[in-house]
Amino acid sequence: MRIVAEHLSYTYNPKSPFAAAALKDVSLTIEEGEFFGIIGHTGSGKSTFVQHLNGLIRLPSSLKRYKKPKAKKGQPLPPQPVLTVGTFDLADKKTDFRALRKSVGMVFQYPEYQLFAETVRDDVAFGFKNFADGKPTKEETDAAVRAALAAVGLDYDTYAEQSPFDLSGGQKRRVAIAGVIVTRPEVLVLDEPAAGLDPLGKREVMELLHKLHREWCKTVIVVSHDMDEIAENCTRAAVFSEGTVAAALPPRELFRRADELTALGLDVPLTAKLCAGLMRRGIALDCDFTTEDFIRKVLERAPRRADREPGALPPEGGEA
Amino acid sequence: MTAQSGAAFGRFGLRGGSNMKAIEFCGVSFRYDEESPFAIHKLDFSVEEGEFVAVLGHNGSGKSTLARLSNGLLEADEGEIRVFGTQIARKNLYDVRKNVGVVFQNPDNQTVATIVEDDVAFGAENLGLAREEIGERIRFALQAVGMQQYRTAAVARLSGGQKQRVAIAGVLALKPRAVILDEATAMLDPRGRREIVEVVSRLNREEKITVIMITHFMEEALLADRAVVMNRGEIVMQGAPADIFERQEELITYNLAMPRIGYICNRLRAGGLPVANTLDSETLAEEIARCVS
């Protein structure tokens, strides 16, 4: 499902002393099949944007009490916000938001804090039953839970009867993710999926997301503070800053603009820092900012032992 | 501001004598229940007064248990734990906790009041101090963490990093001699993390407060005087952070990744580029430039 947002604005506590504009006229398109990254500071509008995607925050025009604004004399109407997710028009009152939420799975920060049931099976089954059309049979539910647990790498027979609270942190998070993907959403949105895990746990979660992206959900959207994570994994990333999208580019292009990101107070991946450092020393390295590509491109520049002599030019960089 | 907060410390008589162990574990074992394996097993470990120690380890390696044992939140099954020379026992728990403050992971779970100054005052009020004294301590603690302008702000409206700084201030108001941060930066964004790391290094440097920092972020560990790696309740590696990070193979066996920069250094060397080991990106860029041209 393609996601198209145009002229999206949102203000918390409007018309009050605490009014805070979280989104200001944001336009962003996310293509089906992307592994999309969203980066930005706390308070940059990332979460507000993401919460629009499954209707947790509704466009005013999709609410019952909404009345069309009338144009004032001599002033054209401001552009109306547009938000579509696949065939769902989120600006429309008649949209089936329940069906939308089934198609757009949302994994919040520290999802393991939201586990609640007595067994892993009940916890994962909750979303499935909630979103099923009619009442699913026990067999249908069990099959769905089994598949979702398998997808996150947990064996049904081992874990189904256990209490989710007895599992390790990484396992809890897997159960929580299973509870979201059990409805087979086409779009999976995750807020800081690797936060708070140890380095190994982080790597496992990122591998899991790639697996889900290949086998389960067409589009994966990840909100992250970890620039290395973005550089290694994403097809494209949007940078949110003070309620606007400062850029939406593939990491290869985005992190070439390291100075701009630094000016926004954001980090850049280590590889981008190294490339910038090399650039200052007259070495332009054309890499896509993944660690592997960086290492490969540097080694391509390494003078071969045979022709290492003073004044020898490094071989031409870049790959065919 | 620095001079002032130093003076404030002097007035509280916080600068302790040197050559004393801040925290000392002798053959300590602990497990959460009879059936489970030891979370801490026959551990000998000590931290000098004024030292900045980083504790690393994968989830479940015993890091947090270590923190909780250090200020008496948990009671050791075996062995002795001494805090500034005093052995922890039930009857002196309050004194121990005055000396060793702990800051936990979740900024939202550690505040008890709605207004910053009330929150910072909570611990100090519990000590039954005089009103003026509490006011003075709030002023000092907020200044130490750079939050003095938020004294009357609502805690709920602060950012994660600011809330953690308030939590640290609450601990400082007890005038502890050691602060333990149990993954206190894990839930923060990079800016919040930087804030906390800066505050903590400054407290260590200028106020000579002993700091034990439990973290998953290898870059944070680089700031410490000494890094300790835990695995299955035991200390398996310790030394200067830079030395620890050179021992990549070993780190991997303990389910820890080395910092990405160390990995890149190793891979470049393996590929035939003789770069020196470094943990600083600018130095590595310099090294690469030297090697390829």
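Let's start with chain B. Among contacts in chain B between residues at least 6 apart in sequence, what percentage join residues at least 24 apart? It is 65%. Contact here is a distance rule: two residues touch if their C-beta atoms, placed from the backbone, lie within 7 Å.

Some housekeeping. This is a predicted model, so local features need pLDDT of at least 70, side-chain atom pairs count only at pLDDT 80 or more, and totals for chains, interfaces and linings use all residues. Residues are numbered from 1 along each chain as its sequence is written, while chains are lettered from A and ligands numbered from 1 in the order in which they are written.

Now the confidence. pLDDT is the predictor's confidence in each residue, on a scale from 0 to 100. Chain A averages 89, and 95% of its residues score at least 70. Within chain A, confidence is highest in strand β8(A), residues 219-223, at 96. It is lowest in helix α10(A), residues 258-263, at a mean of 88. Look at residues 306-320 of chain A as well: there the pLDDT is below 50. That stretch still has 15 contacts in the model beyond near neighbours in sequence.

Back to chain B as a whole. It has 12 helices and 10 strands. Those are DSSP runs, numbered from the N terminus: helices are H or I with at least four residues, strands are E with at least two. The radius of gyration of chain B is 20 Å, close to the 19 Å that the globule rule gives for 293 residues, so chain B is as compact as a globular protein of that length. The radius is taken over C-alpha atoms, and the rule is 2.2 Å times the number of residues to the power 0.38. Along the principal axes, the C-alpha atoms fill a box of roughly 65 × 45 × 35 Å.

How much of chain B is buried? Of its 293 residues, 48% count as buried. The cut-offs use C-beta atoms placed from the backbone: buried means 20 or more others within 10 Å, exposed means 12 or fewer, and partly exposed is in between.

One buried example is Val116(B), with 28 C-beta neighbours inside 10 Å. Val116(B) lies in helix α4(B), residues 116-126. Its contacts, leaving aside neighbours within four places in sequence, include Met147(B), Tyr150(B) and Ala153(B). Ala153(B) is 37 residues away in sequence, but the C-alpha atoms are 5.8 Å apart.

Next, strand β6(B), residues 100-103. Val100(B) and Val102(B) point one way, Gly101(B) and Val103(B) the other, and all are buried. In general, side chains in a regular strand alternate between the two faces of the sheet. Four bridges join β6(B) to β7(B), residues 178-182, and the two run parallel. Strands count as paired if DSSP finds at least two bridges between them. Val100(B) stands opposite Ala178(B) in β7(B).

On to domains. Chain B is assigned domain 1 (2-258) and domain 2 (259-293). Those bounds come from an automatic or database domain assignment. The C-alpha centres of the two domains lie 34 Å apart. Eight residues of domain 1 are in contact with six residues of domain 2. On the domain 1 side, α9(B) gives the most, with three residues.

Over to chain A. An open sheet of four strands has the order β2-β1-β4-β5, with antiparallel pairing. The edge strands are β2(A), 20-30, and β5(A), 88-89; each pairs on one side only. β1(A), residues 3-12, pairs with β2(A) over seven bridges. Tyr10(A) stands opposite Leu23(A) in β2(A).

Last, where the chains meet. The contact takes 30 residues from chain A and 31 residues from chain B. The chain A side divides into 13 nonpolar, 11 polar and six charged. By class, Ala, Val, Leu, Ile, Met, Phe, Trp, Tyr, Cys and Pro are nonpolar, Asp, Glu, Lys and Arg are charged, and the others, Gly among them, are polar.

With 23 C-beta neighbours inside 10 Å, Leu274(A) counts as buried.

That's the tour; over to you.
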